[in-house]
Structure formats: C-alpha cells, structure tokens
Amino acid sequence: MNELMNFFASFDVPIPVLVFLMVFSCGIAIFHTIIFTGLYSLSIRPKWLFFVLNPLIVGLAYLYLPGFAMLALALLAASIFLLAFVGMIFSGIAKAKEDKKVQTSFNAKYNIPKTASWKRLVGTLGFFALIALGIWLHAEGKLKLLLLIIPLLIVIDAIFLPSKITKFYKLQAVLPTSKMNSVAMGLVEVVGDLVQTNPIISPHFNTPCIGYSIRIEQKGKDSDGKTTWTTIFRESKTGTFKIKDDTGAITVDGEGLEYYVERVDRDGQSGDKRYYETYLKHDDYIFLIGKATSNNGETLIVKDDYHKVFGAALPHEVAIRNKFAPLYKSFLATLFFITLIIVYIIIT
C-alpha cells in the first residue's frame, strides 16, 4: 500500500494536467449518475452533483499532494466497476422482490395454488440426478449413452404417465356415444347442445358463460433478444349446466371439467401479459366424457375420480383428430425408430 502511495506521490502534476484530470472526472460523473439512477433507483438531487463532486475530489487531492490527483482519478474510475457490480446485484435482488410481489398479487387474483413442496423436491432431485448421471457417464467415457437414455425416459413417461388429453382421446376411441335417455351408470360419452342454468363470470373479460378456460402468457426475451411468450397460467372453471339431444337432457356438475377446445373466443393484451378465454355457452354443441351417477333418482354427470377423466371438446375437432390420429401415430413411431437408429450409429 505504501508503495502505491509513494508511486502516485512521485508524480509531478502541472496545472494544465490537473485541469485535464478534473475534466476527465466529469466523464466519470456521467457513469456515476447513470449507475445510481439506473441500478440503485436513486433520485440524484441536484442532477449535476457528481459533476461537481468528482472534480472537487480531484482538486482536494491535488491540494493535499499534487500526485494524489492522479490517485483520486484512478479511484474514481475504479469505483465505476465496483459500483456497477454491486448495483447489478442490488438491482437483481430488488427486481426479484418486485417480481415476487407482482406474482403474489397475480396468484391471489386467479387463486393459483402454490406448488406442492414434494413436487419441487422431486423436480429438484430429478434435475440433479440427471446431472449426476451425465457426470458419471462422462467419467466412464460413455456420455453418448445419454442420447439413448433421454429418448427412453420420454417414451416411458408417455406410456406410464399419459397426459389428461391423451387419456381423454383414448377413452373417446373406445366408448360408445350414449343417448341422453339411455345413459348407463359409469363412464359415459355424450354429445349434445348445452343449456345454461347457473352462469358464471370469466375472470379477465367478465363474460357470463356456462364455463370458461383461461390461458395467460407472460412476455419475455430469449437469448437472442427476440420477444417470446410463455404460458404462466391455465385454468378452467365450469358451473352446473345441462346437455341435451333429441331424447332428453342430463344435468352436468362442471366441477373439474377440462377443456380440449382449440377455439379462442376472446383475447387481449395488457402490459406484458396476453389473455385468452374460451367459453362454454348456451346452445354450444359439445362432446363430453364423464361419469354418470344418480342424484336422488336423476342422472348426473360428474368427474370420474377413478379414470381421472372429465372433459369437453368440439365434435368437429374430435372428428378431425380421429381422422389424422393414425397418421400422426405412424409418423411418431417412424420418427422414434429413425432416432434410435441414428443414436445407435452415433454410439457405435
């Protein structure tokens, strides 16, 4: 330290150089102002504070010892990097707090439950297990096996943990369509026009309807700076309604009804979020799978807790899916085996 002080003390700083150093410190003042207002969100008053303070520090250092004017300038320049580094951490923490506050308010508005602790734990353990597996395979010189393991995990997940929509369309393929006056107790498939009995209000566009499905997307940017939209919330909610055909009508308890409908009835953007709402409305012609049960002698369709299937779709969309499903499955199967062949060639 003493050597550094002696080094700067040995400089002879003439007045023209001092003036240059003081002017140069005003350039540093620009960065100081930007850092304190941008990263620390401080309101600098007066705005020219650093344009006076920095030259003053250089001048006072010169009066103490002329060579220290250069030391003062060096410290002011170094302070840019130090303040910027600390400021980035500070602004990151502040932004995280603000995002959490906004997310909490958002969750409260749409009644979004917190992710269960065990799900977060399983996800974290799975993530680290995959990393540990990759490190171990790398150490054993068998990292290429990951190209085989990952597709295998995807296939196992698709077979043993099918999505709700997959379950819905699997049942749709085997269940006969029942008429309303001949519905048997148990899992049933019906098609008919909806009758509104207890309307509810959609959460964003405040639209009266039998039920709604809402999807909310959050605006962001990818690594290339391009705008991206990520789905941050999905929810469907349905009241009690009736479904009818030419033989009669059946009451449906819409609690837990899933929507497999591509149609979007209303959409709009507010700030950095986009909102999409789909409605079940009076007179909509709907395809529905659920569990028929008896409620005081009256047939009632509810969610089936055993098969975990309770869904609604548009009949023409179901027909299109049924038409192209075999072709789609053949394509996926072909793609999978081609992938396996490519992986085998790479590994060997």
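## Asn296 and its loop

In this predicted model, the loop between strand S12 (285-295) and strand S13 (298-302) contains Asn296. Although Asn296 is not a glycine, its phi is positive, at about 55°. The relative accessible area of Asn296 is 79%, and this residue counts as exposed because the cut-off for that class is over 50%.

## Asn206 and its loop

Asn206 is placed in the loop between strand S3 (200-201) and strand S4 (208-209). Asn206 is likewise not a glycine and has a positive phi of about 55°. With a relative accessibility of 52%, Asn206 is classed as exposed.

Most residues other than glycine have a negative phi, and most peptide bonds are trans.

## Packing of H2 and H3

Helix H2 (residues 15-38) and helix H3 (residues 49-64) have axes that come within 7 Å and cross at roughly 140°. H2 is therefore oblique to H3. The crossing of the two helices is right-handed.

On the H2 side, the contact is made by Ile15, Leu18, Leu21, Met22, Ser25, Cys26, Ile28, Ala29, Ile30, His32, Thr33 and Phe36. H3 contributes Phe50, Phe51, Asn54, Pro55, Val58 and Tyr62. By class, the residues of this contact comprise 14 nonpolar and four polar, with no charged residue.

The loop between H2 and H3 includes Pro46. The peptide bond joining Arg45 and Pro46 is cis, with omega at about -5°.

Note on methods
Residues are numbered from 1 along each chain as its sequence is written. This is a predicted model: local features need pLDDT of at least 70, side-chain atom pairs count only at pLDDT 80 or more; totals for chains, interfaces and linings use all residues. Side-chain values use heavy atoms; hydrogens and water are left out. Axes are lines fitted to C-alpha atoms, for helices over the stretch in contact, and angles run from 0 to 180 degrees between N-to-C directions. Helices (H or I, at least four residues) and strands (E, at least two) are DSSP runs, numbered from the N terminus. Angles under 35 degrees count as roughly parallel, over 145 as roughly antiparallel, 65 to 115 as roughly perpendicular and the rest as oblique. A crossing is left-handed if the near helix is turned anticlockwise from the far one by less than a right angle, and right-handed if clockwise. Contact means heavy atoms within 4.5 Å. Ala, Val, Leu, Ile, Met, Phe, Trp, Tyr, Cys and Pro count as nonpolar, Asp, Glu, Lys and Arg as charged, and the others, Gly among them, as polar. Buried means under 20% relative accessible area, exposed over 50%, partly exposed in between (1.4 Å probe, protein chains only).
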